[in-house]
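Please look at the sequence and the structure below. The paragraphs that follow go through some of the helices and their contacts.

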Amino acid sequence: MLTTLVRRLSRIPTMVRRATVLPFLVRCGIALCGLLAAAVAWPAELLASQFVLPLLVVAVWPAVAPRGRGATFAALVTVGGWIVDTAGYDSRIALWRVLSLATLLYLGHTLTALAAVLPYDAVVNLDVPGLWLGRALIVLLISAVLTVLALGLTEDLGGDAFQLATLVGLAAATGVTILLVRLTRRS
(Lines give C-alpha, C1' and ligand atoms only; values in the text may rest on other atoms or scores of the structure.)
Protein backbone atom coordinates (compact mmCIF):
# COMPACT_ATOMS: atom_id res chain seq x y z
CA MET A 1 0.00 0.00 0.00
CA LEU A 2 2.85 2.37 0.82
CA THR A 3 4.48 1.57 -2.53
CA THR A 4 1.27 2.47 -4.36
CA LEU A 5 1.01 5.77 -2.50
CA VAL A 6 4.64 6.66 -3.25
CA ARG A 7 4.16 5.77 -6.92
CA ARG A 8 1.07 7.99 -7.16
CA LEU A 9 2.80 10.88 -5.44
CA SER A 10 5.80 10.60 -7.74
CA ARG A 11 3.52 11.01 -10.77
CA ILE A 12 2.20 14.41 -9.61
CA PRO A 13 4.96 16.54 -11.22
CA THR A 14 4.44 14.77 -14.55
CA MET A 15 0.69 15.29 -14.32
CA VAL A 16 1.13 18.99 -13.59
CA ARG A 17 3.47 19.44 -16.58
CA ARG A 18 1.14 17.58 -18.96
CA ALA A 19 -2.15 19.13 -17.80
CA THR A 20 -4.06 21.18 -20.37
CA VAL A 21 -6.22 24.24 -19.86
CA LEU A 22 -9.80 22.99 -20.30
CA PRO A 23 -9.59 19.92 -18.05
CA PHE A 24 -7.88 22.13 -15.46
CA LEU A 25 -10.67 24.73 -15.73
CA VAL A 26 -13.32 22.02 -15.37
CA ARG A 27 -11.64 20.87 -12.16
CA CYS A 28 -11.42 24.48 -10.94
CA GLY A 29 -15.17 24.76 -11.59
CA ILE A 30 -15.77 21.66 -9.48
CA ALA A 31 -13.74 23.10 -6.62
CA LEU A 32 -15.50 26.47 -6.88
CA CYS A 33 -18.95 24.87 -6.85
CA GLY A 34 -18.00 22.73 -3.85
CA LEU A 35 -16.60 25.64 -1.89
CA LEU A 36 -19.57 27.90 -2.63
CA ALA A 37 -22.05 25.13 -1.80
CA ALA A 38 -20.33 24.55 1.55
CA ALA A 39 -20.39 28.30 2.25
CA VAL A 40 -24.11 28.48 1.48
CA ALA A 41 -25.02 25.33 3.42
CA TRP A 42 -23.00 25.43 6.61
CA PRO A 43 -23.64 27.87 9.47
CA ALA A 44 -21.37 30.91 9.54
CA GLU A 45 -20.30 30.06 13.10
CA LEU A 46 -18.86 26.73 11.97
CA LEU A 47 -17.24 28.26 8.89
CA ALA A 48 -15.40 30.71 11.12
CA SER A 49 -14.11 27.95 13.41
CA GLN A 50 -11.48 25.22 13.21
CA PHE A 51 -13.96 23.02 11.28
CA VAL A 52 -13.46 25.02 8.09
CA LEU A 53 -10.32 23.12 7.04
CA PRO A 54 -11.97 19.67 6.87
CA LEU A 55 -14.92 21.24 5.04
CA LEU A 56 -12.57 22.79 2.50
CA VAL A 57 -10.82 19.46 1.94
CA VAL A 58 -14.13 17.67 1.42
CA ALA A 59 -15.38 20.40 -0.94
CA VAL A 60 -12.24 20.24 -3.12
CA TRP A 61 -11.88 16.44 -3.03
CA PRO A 62 -14.07 15.80 -6.16
CA ALA A 63 -11.92 18.23 -8.17
CA VAL A 64 -8.76 16.31 -7.29
CA ALA A 65 -10.20 12.81 -7.75
CA PRO A 66 -13.36 13.01 -9.88
CA ARG A 67 -13.62 9.26 -10.54
CA GLY A 68 -14.05 8.23 -6.92
CA ARG A 69 -16.75 8.65 -4.34
CA GLY A 70 -15.65 12.17 -3.47
CA ALA A 71 -18.53 13.90 -5.25
CA THR A 72 -21.14 11.86 -3.39
CA PHE A 73 -19.42 12.38 -0.06
CA ALA A 74 -19.03 16.12 -0.66
CA ALA A 75 -22.71 16.45 -1.61
CA LEU A 76 -23.79 14.52 1.50
CA VAL A 77 -21.58 16.67 3.74
CA THR A 78 -23.02 19.81 2.14
CA VAL A 79 -26.61 18.66 2.59
CA GLY A 80 -25.74 17.65 6.15
CA GLY A 81 -24.46 21.18 6.72
CA TRP A 82 -27.71 22.63 5.46
CA ILE A 83 -29.67 20.35 7.81
CA VAL A 84 -27.40 21.34 10.71
CA ASP A 85 -27.92 25.01 9.89
CA THR A 86 -31.69 24.84 9.52
CA ALA A 87 -32.43 22.34 12.31
CA GLY A 88 -29.60 22.93 14.77
CA TYR A 89 -29.07 26.66 14.40
CA ASP A 90 -32.72 27.49 13.57
CA SER A 91 -31.83 29.39 10.41
CA ARG A 92 -34.73 30.42 8.25
CA ILE A 93 -35.23 28.37 5.09
CA ALA A 94 -34.89 30.95 2.33
CA LEU A 95 -35.69 30.36 -1.31
CA TRP A 96 -32.39 31.84 -2.49
CA ARG A 97 -30.44 29.40 -0.31
CA VAL A 98 -32.38 26.38 -1.51
CA LEU A 99 -32.05 27.36 -5.18
CA SER A 100 -28.38 28.29 -4.92
CA LEU A 101 -27.53 25.14 -3.00
CA ALA A 102 -29.35 22.95 -5.53
CA THR A 103 -27.70 24.81 -8.40
CA LEU A 104 -24.20 24.52 -6.96
CA LEU A 105 -24.62 20.84 -6.11
CA TYR A 106 -25.94 20.03 -9.58
CA LEU A 107 -23.22 22.01 -11.34
CA GLY A 108 -20.56 20.38 -9.17
CA HIS A 109 -22.02 16.96 -9.91
CA THR A 110 -22.24 17.45 -13.67
CA LEU A 111 -18.75 18.96 -13.87
CA THR A 112 -17.42 16.02 -11.86
CA ALA A 113 -19.03 13.66 -14.35
CA LEU A 114 -17.33 15.56 -17.18
CA ALA A 115 -13.96 15.53 -15.40
CA ALA A 116 -14.28 11.80 -14.77
CA VAL A 117 -14.32 11.07 -18.50
CA LEU A 118 -11.95 13.89 -19.48
CA PRO A 119 -8.26 13.06 -18.95
CA TYR A 120 -6.21 15.82 -17.36
CA ASP A 121 -3.95 16.02 -20.42
CA ALA A 122 -6.65 15.91 -23.11
CA VAL A 123 -6.77 18.51 -25.86
CA VAL A 124 -10.44 19.44 -25.94
CA ASN A 125 -12.40 21.77 -28.16
CA LEU A 126 -14.24 24.50 -26.26
CA ASP A 127 -17.55 23.16 -27.61
CA VAL A 128 -17.39 20.06 -25.38
CA PRO A 129 -17.60 21.78 -21.97
CA GLY A 130 -19.68 24.58 -23.50
CA LEU A 131 -22.43 22.23 -24.64
CA TRP A 132 -22.13 20.26 -21.40
CA LEU A 133 -22.66 23.40 -19.32
CA GLY A 134 -25.38 24.66 -21.67
CA ARG A 135 -27.46 21.54 -21.08
CA ALA A 136 -26.84 21.78 -17.36
CA LEU A 137 -27.95 25.42 -17.27
CA ILE A 138 -31.16 24.56 -19.15
CA VAL A 139 -31.91 21.84 -16.59
CA LEU A 140 -31.20 24.28 -13.75
CA LEU A 141 -33.46 26.97 -15.22
CA ILE A 142 -36.35 24.57 -15.74
CA SER A 143 -36.02 23.09 -12.26
CA ALA A 144 -35.80 26.55 -10.65
CA VAL A 145 -38.97 27.68 -12.42
CA LEU A 146 -40.78 24.47 -11.45
CA THR A 147 -39.61 24.85 -7.84
CA VAL A 148 -40.96 28.40 -7.61
CA LEU A 149 -44.25 27.31 -9.20
CA ALA A 150 -44.55 24.34 -6.84
CA LEU A 151 -43.90 26.57 -3.84
CA GLY A 152 -46.57 28.96 -5.09
CA LEU A 153 -49.03 26.08 -5.36
CA THR A 154 -48.30 24.90 -1.83
CA GLU A 155 -49.64 28.17 -0.46
CA ASP A 156 -52.82 27.81 -2.53
CA LEU A 157 -53.40 24.07 -2.05
CA GLY A 158 -52.53 23.58 1.61
CA GLY A 159 -54.26 20.91 3.64
CA ASP A 160 -55.13 17.23 3.19
CA ALA A 161 -55.32 17.33 -0.62
CA PHE A 162 -51.75 18.61 -0.84
CA GLN A 163 -50.48 15.94 1.57
CA LEU A 164 -52.23 13.23 -0.44
CA ALA A 165 -50.75 14.56 -3.70
CA THR A 166 -47.29 14.62 -2.10
CA LEU A 167 -47.58 11.00 -0.98
CA VAL A 168 -48.86 9.89 -4.40
CA GLY A 169 -45.95 11.74 -6.07
CA LEU A 170 -43.41 10.10 -3.77
CA ALA A 171 -44.94 6.67 -4.40
CA ALA A 172 -44.82 7.26 -8.17
CA ALA A 173 -41.18 8.39 -8.01
CA THR A 174 -40.29 5.31 -5.98
CA GLY A 175 -42.14 3.05 -8.41
CA VAL A 176 -40.39 4.57 -11.44
CA THR A 177 -37.01 4.17 -9.72
CA ILE A 178 -37.68 0.52 -8.94
CA LEU A 179 -38.87 -0.09 -12.51
CA LEU A 180 -35.74 1.54 -13.98
CA VAL A 181 -33.45 -0.49 -11.72
CA ARG A 182 -35.15 -3.73 -12.77
CA LEU A 183 -34.98 -2.80 -16.44
CA THR A 184 -31.27 -2.02 -16.27
CA ARG A 185 -30.52 -5.28 -14.46
CA ARG A 186 -32.44 -7.28 -17.05
CA SER A 187 -30.42 -5.90 -19.97
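Beyond its neighbours within four places in sequence, Leu101 is in contact (heavy atoms within 4.5 Å) with Ala37, Val40, Ala41, Thr78 and Trp82. The model is predicted, with pLDDT of at least 70 needed for local features and 80 or more for side-chain atom pairs, while totals for chains, interfaces and linings use all residues. Residues are numbered from 1 along each chain as its sequence is written, and side-chain values use heavy atoms, without hydrogens and water. Leu101 and Val40 lie 61 residues apart in sequence, yet 6.6 Å separates their C-alpha atoms.

Leu101 belongs to helix α7; helices here are DSSP runs of H or I with at least four residues, numbered from the N terminus. The relative accessible area of Leu101 is 7%, so this residue is buried (under 20% relative accessible area, with a 1.4 Å probe and protein chains only). Other buried residues of α7 include Arg97, Leu104, Leu107, Gly108 and Leu111. An α-helix has 3.6 residues a turn, so residues three or four places apart point the same way.

Another pair of helices is α3 (residues 21-41) and α5 (residues 52-64), whose axes are 8 Å apart at an angle of about 155°. Therefore α3 is roughly antiparallel to α5 (an angle over 145 degrees). On the α3 side the contact involves Arg27, Ile30, Ala31, Gly34 and Leu35, and on the α5 side Leu56, Ala59, Val60, Pro62, Ala63 and Val64.

Notes: Axes are lines fitted to C-alpha atoms, for helices over the stretch in contact, and angles run from 0 to 180 degrees between N-to-C directions. Helices (H or I, at least four residues) and strands (E, at least two) are DSSP runs, numbered from the N terminus. Angles under 35 degrees count as roughly parallel, over 145 as roughly antiparallel, 65 to 115 as roughly perpendicular and the rest as oblique. Buried means under 20% relative accessible area, exposed over 50%, partly exposed in between (1.4 Å probe, protein chains only).
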